[in-house]
Amino acid sequence: MSVQNLNTFDPFADEGDPLNSSQDVGSQQNYIHIRIQQRNGRKTLTTLQGLPKEYDLKKLLKAFKKEFACNGTLVDDEESGQVIQLQGDQRLKISTFLVGEGIAKASIKVHGF
């Protein structure tokens, strides 16, 4: 007669320890972030970062500028990579545009006031 519960079996061995994972704790790598920044007075700036590499940011910026009738630029950031900046509060317009292009709504985070 063998006793099963005396064997050394770890049911969580194949899962791995979540605290020793290679990703940073609280990492936001899989999300697309849309933020708004206050400039001076009533002027605001909308930033978009975290887009996947398969999207051409220059073509996307050109489409944003034409669709939303605003100006914008592409800025290189040492932490975030390339960031799209648009004049004005374009958060909802950007999110609906990206969802229309086939990006999942769950992967888009809209930040702001």
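Modeller: A helix is a DSSP run of H or I with at least four residues, a strand is a run of E with at least two, and both are numbered from the N terminus. By this reading, the protein has two helices and five strands. The model is predicted, so local features need pLDDT of at least 70 and side-chain atom pairs count only at pLDDT 80 or more, whereas totals for chains, interfaces and linings use all residues. Residues are numbered from 1 along each chain as its sequence is written, and side-chain values use heavy atoms, leaving out hydrogens and water.

Biologist: Which pattern does the protein follow along the sequence?

Modeller: The order is β-β-α-β-β-α-β.

Biologist: How many bridges join strand β3 to strand β4?

Modeller: Two strands pair if DSSP finds at least two bridges between them. Strands β3 (residues 72-77) and β4 (residues 81-87) run antiparallel and are joined by six bridges. Three residues lie between β3 and β4 in this hairpin. Within the pairing, T73 stands opposite Q85 in β4, and V75 stands opposite V83.

Biologist: In which sense do β2 and β4 pair?

Modeller: Strands β2 and β4 are antiparallel as well, with four bridges between them. In this pairing T46 faces L86 of β4.

Biologist: Is L45 buried or exposed?

Modeller: A residue is buried under 20% relative accessible area, exposed over 50% and partly exposed in between, using a 1.4 Å probe and protein chains only. L45 belongs to strand β2 (residues 44-49). Because its relative accessible area is 15%, L45 is buried. In the protein as a whole, buried residues make up 27% of the 113 residues.

Biologist: Which residues is L45 in contact with?

Modeller: Contact means heavy atoms within 4.5 Å. Leaving aside neighbours within four places in sequence, L45 is in contact with R35, I36, Q37, R39, Q85, L86 and G88. G88 is 43 residues from L45 along the chain, yet the C-alpha atoms of these two residues are separated by 5.2 Å. For the protein, 48% of the contacts between residues at least 6 apart in sequence join residues at least 24 apart.

Biologist: How many residues does the largest nonpolar core have?

Modeller: A nonpolar core is a set of buried Ala, Val, Leu, Ile, Met, Phe, Trp, Tyr and Cys residues joined through side-chain atoms within 4.5 Å. Here the largest such core has 17 residues, and those with the most contacts inside it are L48, L51, F64, I84, L86, I94 and L98. At least two residues of this core come from each of β1 (32-38), α1 (57-68), β4 and α2. The largest share, five residues, is supplied by α1. As for I94, not counting residues up to four places away in sequence, I94 touches I34, T46, L48, F64, F68 and L86.

Biologist: Which residues of α1 are buried?

Modeller: An α-helix has 3.6 residues a turn, so residues three or four places apart point the same way. In α1, the buried residues are L57, L60, L61, F64 and F68. They lie on the same side of α1 because they cover an arc of only 100° around the axis, the arc being that of the directions from the helix axis to the C-beta atoms. These buried residues pack against β2, β3, β4 and α2. The face turned away from the buried side carries the exposed residues K58, K59, K62 and K66.

Biologist: What should the twelve residues of α1 span?

Modeller: The expected span of a helix is 1.5 Å times one less than its number of residues. The twelve residues of α1 should therefore span 16 Å, which agrees with its end C-alpha atoms, 16 Å apart.

Biologist: Which residue follows α1?

Modeller: Most residues other than glycine have a negative phi. A69 follows α1, and A69 has a positive phi of about 55° although it is not a glycine. Its place is in the loop between α1 and β3. A69 counts as exposed because its relative accessibility is 69%.

Biologist: Where does S107 lie?

Modeller: S107 is in the loop between α2 (91-100) and β5 (108-110). Not counting residues up to four places away in sequence, S107 touches N30, Y31 and I32.
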